[in-house]
Amino acid sequence: MTIDLPSPRAALKIGTRGSPLALAQANETRDRLARAWDLPFEAFTIVVIKTSGDRIIDRPLKEVGGKGLFTKEIEEALLSGEIDLAVHSTKDMPVEQPHGLIFGTYLPREDVRDAFITLDGKGFADLKEGAVVGTSSLRRKAQLKNRRPDLEVVEFRGNLQTRMRKLEDGVASATFLAMAGLMRLRMDEVKRQPIEVGEMLPAVGQGAIGIEWREADSRVASLLEAIHDQETGERLAAERAFLAALDGSCETPIAGLAELRDGRIRLRGEVLRPDGSDVIEAADEAPIADGAALGQELAGRLLKEAGPGFFDWR
């Protein structure tokens, strides 16, 4: 099949949020497409779209619409033809897409770990009793409170640079960032303590760049096949099936991570109460081809163990 390749005169439009990290991820997508198809950068145009999640930063996500706040305007631009594809942080993506859109191309996954950030580089075990930690993530808040119930956790919205300024202004003594974001932005100057996944399981999809396109656009689908990372896709099939079966949202502290080993996929998952008072964990493995079924099965096991009332706080 012959593919109509983009050119400087008919550039492929890549939609993204406007934060430094989002732009870095869009640029990586452009660079990979350019290399894969031997095209100049001018054959692609990056279109910045401001989302509701970028505009509303003074309230918790659960109060104003959840994960969809970071995708709504971008997906509307995709459906209208204003852009040809959209680049997202996979952990920000709802598990269901609007009719007519597909989210299914992934770039090679970066470091999945969380990073604990303080101005002096100390870990959370070193914080004084009652210290203030800023985070907008219910998962991170619940995991932290489970390990250090003495700490005070405050709402901390904004991009990486905004959160670092809040630390410098004394709003909190510490915060969390994703290791992947720090690495993609080459923020080597930020002192951090990586948190191993055995100590703090990451968000589903953390560290993965995902790409969304119109289902009817076979041209874009063909272009994206050249940059899709199969291993990342296999891992996220299990993780996102796990999240979907748990009805995951920004109102639910959920963590999950799939890893491949010797032709099999191993999935770990957990659900927590928001105050960290209870955590339920499970892990299992299956053939790689059965990753999605494994995710659904593991979610069902956690829901059964949680029992009636565990999610009443929603």
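In the hairpin that β12 and β13 form, 6 residues lie between the strands, and Gly276 takes a positive phi near 75 degrees. Helices (H or I, at least four residues) and strands (E, at least two) are DSSP runs, numbered from the N terminus. Two strands are said to pair if DSSP finds at least two bridges between them. This is a predicted model, in which local features need pLDDT of at least 70, side-chain atom pairs count only at pLDDT 80 or more, and totals for chains, interfaces and linings use all residues. Residues are numbered from 1 along each chain as its sequence is written, and side-chain values use heavy atoms, with hydrogens and water left out.

- Strand β12 (residues 264-272) is mostly covered, as 7 of its 9 residues are buried (under 20% relative accessible area).
- On one hand, β12 pairs with β11 (residues 254-261) in the antiparallel sense over 8 bridges, and Ile254 stands opposite Val271 in β12.
- The hairpin of β11 and β12 has 2 residues between the strands, and Asp262 in the turn has a positive phi of about 55 degrees.
- β12 is also joined to β13 (residues 279-287) by 9 bridges, the two strands running antiparallel; Leu272 has Val279 in β13 as its bridge partner.

- Strands of a sheet pair through backbone hydrogen bonds, either parallel or antiparallel.
- Strands β6 (residues 132-134) and β8 (residues 174-178) run parallel and are joined by 2 bridges; Gly134 has Thr175 in β8 as its bridge partner.

**Residue Gln193**

- Gln193 belongs to strand β9 (residues 192-195) and is partly exposed (between the 20% limit for buried and the 50% limit for exposed, 1.4 Å probe, protein chains only), with a relative accessible area of 36%.
- Beyond its neighbours within four places in sequence, Gln193 is in contact with residues including Asp114, Phe116 and Lys122.

Notes: Contact = heavy atoms within 4.5 Å.
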